[in-house]
Amino acid sequence: MRKDTGQVFRIEDYRPSDYLIPRTSLAFALSPEATVVTAVLDIERRQGIAPGTPLVLDGDELTLVSVAIDGKPLADDAFSSDPQHLTIANPPHDEAFQLTIVTRIDPSRNGTLMGLFRTNGVYCTQCEPEGFRRITYFTDRPDMLSVYTVRIEAERAQAPLLLSNGNLVEQGDLAGGRHFVVWHDPFPKPSYLFALVAGDLAGLHDEFTTASGRKVALGIYVEHGKQDRAAYAMDALKRSMSWDEEVFGLEYDLDVFNIVAVSDFNMGAMENKGLNIFNDKYVLADEATATDADFANIEAIIAHEYFHNWTGNRITCRDWFQLCLKEGLTVFRDHEFSADQRSRAVKRIAEVRTLRAHQFPEDQGPLAHPVRPRRYREINNFYTATVYEKGSEVVRMIRTILGPDDFRKGMKLYIERHDGDAATIEDFLAAFEDASDHDLSQFALWYHQAGTPNLTISTAHDAEHQEFRIEIEQSVPPTPSESRKRLMHIPLAFGLVGEDGSDITPTSVEGATVENGVIHVRKRRQIVRFQGVRERPVVSLNRGFSAPITLSVEQRADDLLFLARHDSDLVSRWQSLYTLFTDALIHGFRSVRGQKAPEFPTGLIAAIGDIASDESLEPAFRALALTLPGEADVARDIGTNIDPDAIRVSRDALASAIAKANGERFQALYDGFDGGGTFSPDADSAGKRALRNVLLDYLAVGAEDPSLAARQFDQATNMTDKAAAMTVLAHRFPGHARTTDALAAFETQYGHDPLVMDKWYQTQATIPGADAVDRVKALMTHQGFSLSNPNRVRALIGTFSTLNQTGFHRADGAGYTFFAETVLEIEKRNPQLAARLATAMRSWRSLEPTRQAAAREALLTIAAPDDLSSDLRDIIERTLA
Ligand code: B3K
Ligand code: ZN
């Protein structure tokens with residue numbers, strides 16, 4: 001594992017490398033404990049660099065076997081090496097030479113899952129961001145573009161399948177039961193996109209013909225016997241390929257596109273050129289084993305990795321500070337894809353919920369950083385919601401500001417200009433400025449400044465002068481190492497809603513640029529005056545969630561209820577309800593803290609019943625509208641002195657008030673949706689299941705016994721309904737015999753299938769209350785559980801620490817103590833996973849004092865060992881700072 005050295009990387013220190021490596025040829029002699037890698041690098045000195053300038057290559061935990069230049073082995077004093085570097089102090093003075101490096105690595109003992117490792121008997125690589133240096137010494141940085149030729153040799157019985165990037169150019173048998181293949185990727189690429197897979201896997205094959213008539217062989221490789229579960233992923237891949245042609249005019253460029261699903265993987269998936277590697281969770285699905293959410297994730301992630309072929313691979317990043325250049329843009333593209341495949345409004349609401357749940361707390365806590373960071377100590381810790389999700393929001397805002405036509409022109413120009421480059425955010429913005437007549441200099445702050453901007457808004461109507469006024473004040477809260485913030489350009493979509501629910505069009509506007517329903521907020525304080533507004537409108541703000549901001553608005557509850565029922569923008573309708581829920585829950589929380597029983601507005605409770613049964617709204621929307629803000633969402637909105645137990649009481653009380661008032665309606669609705677029938681994962685069918693399952697939860701809150709949920713569990717014909725019923729049983733009736741039976745039945749039925757068992761771990765890890773700590777500890781000893789597998793760890797420890805607010809934040813600190821020990825245990829094998837888990841502590845300062853003190857103790861425990869990895873040290877020190 002890479003120990004922390006304290007080194008900090010700064011964007012201003014970027015300079016091009018002294019040497020280039022236009023061609024890289026790799027030969028792998030695979031063996032589980034001692035794989036030998038021979039790298040032949042064509043090296044060219046960059047123009048202007050003095051002959052003899054030392055050549056320093058990166059390495060990580062490598063064993064060097066030999067080094068040669070132009071075929072001649074180097075004398076021991078001609079180079080120096082340690083596991084981290086290979087330095088050739090005085091390389092040939094010729095402009096070009098060939099460097100041959102032989103290294104030896106041990107894939108079977110590589111628990112970091114970076115570089116070359118083994119997962120379920122399969123050799124597999126992960127090189128982004130700095131894993132390639134764990135395979136051979138190299139200039140392992142994203143601006144080092146090289147054309148790769150890869151020869152793989154292995155025992156045929158052990159690894160009949162040998163894959164790498166690009167096209168297959170040669171294959172054959174060797175003596176002793178071994179065989180080989182040669183892959184060539186004609187597109188220059190950075191080392192982080194290198195990939196190799198070797199093993200015994202089953203393939204699902206198909207073909208795609210591109211718009212220009214190129215035939216592409218598609219392959220998805222999975223464990224034997226699981227091919228049928230890859231059909232949905234294959235379908236999603238073909239839809240992604242067509243969509244990118246239609247919407248962005250981007251075609252695939254190689255003869256083959258392969259995807260491999262593996263069971264030990266630190267992240268969702270990886271976009272290696274022509275050979276995507278996936279966490280099997282995001283490939284394998286059928287109705288019996290996957291939920292609708294799994295299907296939607298598979299569709300989105302397959303698309304995301306495929307879309308990287310242009311935004312990431314053909315155009316890559318100059319350095320890791322530019323990560324959002326590929327990630328933010330590609331998330332935006334996958335969001336648009338899913339919106340086109342499903343319901344746009346529902347998709348957008350889900351995005352807003354995700355952003356609030358993951359990015360807002362990051363932006364509002366000690367780990368806040370700009371979408372394009374300026375410093376990092378461990379780049380692995382910057383694959384964050386800010387870079388990805390806020391990065392996507394920034395691209396969306398560019399489209400809002402430019403309009404769809406100029407946005408399309410800007411994208412086209414960006415791709416024409418930078419195809420084959422390692423580019424920067426400045427390059428990206430320049431393409432949009434040059435393709436339109438917009439000045440994006442103030443807007444660019446979205447990339448450079450951390451923190452969630454807030455708009456404080458007040459409105460007034462002057463009936464006599466028929467004027468409606470919106471007063472807007474912007475502020476950006478301070479974030480670590482950025483105390484003073486500059487004023488941002490915020491595109492605020494809005495509508496003035498008249499009595500009949502339709503939008504009022506004013507005769508004129510003064511005080512700000514207002515275009516196509518968007519106010520361009522650019523100053524600290526702005527007053528926008530709308531003339532010709534006879535009746536008092538209800539203002540609908542941040543429609544479509546046009547900017548990733550918070551709003552402080554003095555808006556009357558009846559206006560919000562009016563918007564919840566009538567706004568023409570569905571995202572705003574949902575938002576209005578969500579605001580009302582949040583206000584009610586915070587009010588309830590204060591009552592609980594003050595030893596009073598919480599009370600909730602009856603208008604809101606009645607509106608929920610109406611919305612639930614409003615047939616003009618799609619079921620998926622109704623399901624989202626009925627979903628209360630999560631406990632962590634409420635905690636974030638309260639901000640300080642958090643007592644998760646009181647939030648839980650308030651939230652349960654609101655759920656129960658809603659259930660009580662609308663019980664009969666909910667029951668009739670629930671009965672009206674038939675859970676059986678032929679399964680289809682499409683958005684409409686999934687929406688119906690989502691609504692039915694939200695209703696089931698409300699019905700359970702109001703019920704004396706668990707029979708409804710137990711019946712659904714027994715009769716479910718798909719995993720969505722089964723898992724939902726299991727969760728309702730476990731969370732609403734913990735310890736009840738029907739719950740115990742259901743959990744046991746689930747284990748019996750799916751015990752052999754780790755991905756399905758993750759749902760079982762997750763359900764139990766999230767049962768609220770103080771018992772959760774012991775429950776999770778006990779589950780860690782379950783025979784199917786392993787601290788070495790990231791999916792298991794995330795299902796049990798990850799969900800416990802992020803979703804179980806009352807269990808994790810147990811008042812006596814036992815949740816934190818257990819967590820600290822577990823994180824340190826995981827760190828020994830997989831520092832990246834440990835660091836990611838540890839971010840669950842990031843909001844510790846907003847807790848009430850007793851919990852805060854206990855959380856600090858746990859953080860200090862994690863920080864104590866001297867030999868911490870750079871991954872974990874970086875997170876813990878920033879969290880404690
Ligand atoms: N680019 C990869 C993420 C790599 C994460 C490394 N810690 C997957 C993706 O965003 O598409
Ligand atoms: Zn990505």
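Over how many bridges do strand β27 and β32 pair, and in which sense? In this predicted model, strand β27, which spans residues 490-497, pairs with β32 over four bridges in the antiparallel sense. Within this pairing, leucine 496 has valine 539 of β32 as its bridge partner.

The two strands belong to an open sheet of four strands, whose order is β29-β30-β27-β32 and whose pairing is antiparallel. The edges are formed by β29 (513-515) and β32 (538-541); each has a single partner strand, so one side of each is left without a neighbour in the sheet. From one strand to the next, the twist averages 30°. Helix α9, residues 557-566, packs on this sheet and touches β27 and β32, its direction making about 65° with that of β32.

Arginine 573 is buried yet has no salt bridge, and the nearest side chain of opposite charge, aspartate 614, is 4.4 Å away.

The side chains of arginine 593 and aspartate 643 meet at 3.0 Å, N to O. Arginine 593 lies in helix α10 and aspartate 643 in the loop between α13 (631-638) and α14 (644-672), so the pair ties together parts that are 50 residues apart in sequence. Aspartate 643 counts as buried at 11% relative accessibility, whereas arginine 593 is partly exposed, with a relative accessible area of 38%.

Further salt bridges can be followed in the model, for which the count comes to 74. One of them joins arginine 377 to glutamate 877, with the closest N and O atoms 3.0 Å apart. Because arginine 377 lies in the loop between β23 (375-376) and α5 (385-402) and glutamate 877 in helix α26 (residues 870-880), this pair ties together parts that are 500 residues apart in sequence. Glutamate 877 is partly exposed, at 37% relative accessibility.

Another salt bridge is formed by lysine 412 and glutamate 416, whose closest N and O atoms are 3.4 Å apart. Both residues lie in helix α6 (residues 404-418), four residues apart, about one turn of the helix. Lysine 412 is exposed, with a relative accessible area of 56%, and glutamate 416 is exposed as well, with 54%.

Finally, a hairpin may be considered. Strand β10 (residues 115-119) has four of its five residues buried, so it is largely enclosed by the rest of the structure. Five bridges pair β10 with strand β11 (residues 122-126) in the antiparallel sense; the bridge partner of phenylalanine 117 is cysteine 124 in β11. Two residues stand between the strands of this hairpin, where asparagine 120 takes a positive phi near 50°.

Terms used. Residues are numbered from 1 along each chain as its sequence is written. Chains are lettered from A and ligands numbered from 1 in the order in which they are written. This is a predicted model: local features need pLDDT of at least 70, side-chain atom pairs count only at pLDDT 80 or more; totals for chains, interfaces and linings use all residues. Side-chain values use heavy atoms; hydrogens and water are left out. Two strands pair if DSSP finds at least two bridges between them. Axes are lines fitted to C-alpha atoms, for helices over the stretch in contact, and angles run from 0 to 180 degrees between N-to-C directions. Contact means heavy atoms within 4.5 Å. Buried means under 20% relative accessible area, exposed over 50%, partly exposed in between (1.4 Å probe, protein chains only). Lys and Arg count as positive and Asp and Glu as negative; His and the chain ends are not counted. A salt bridge is a side-chain nitrogen of Lys or Arg within 4 Å of a carboxyl oxygen of Asp or Glu.
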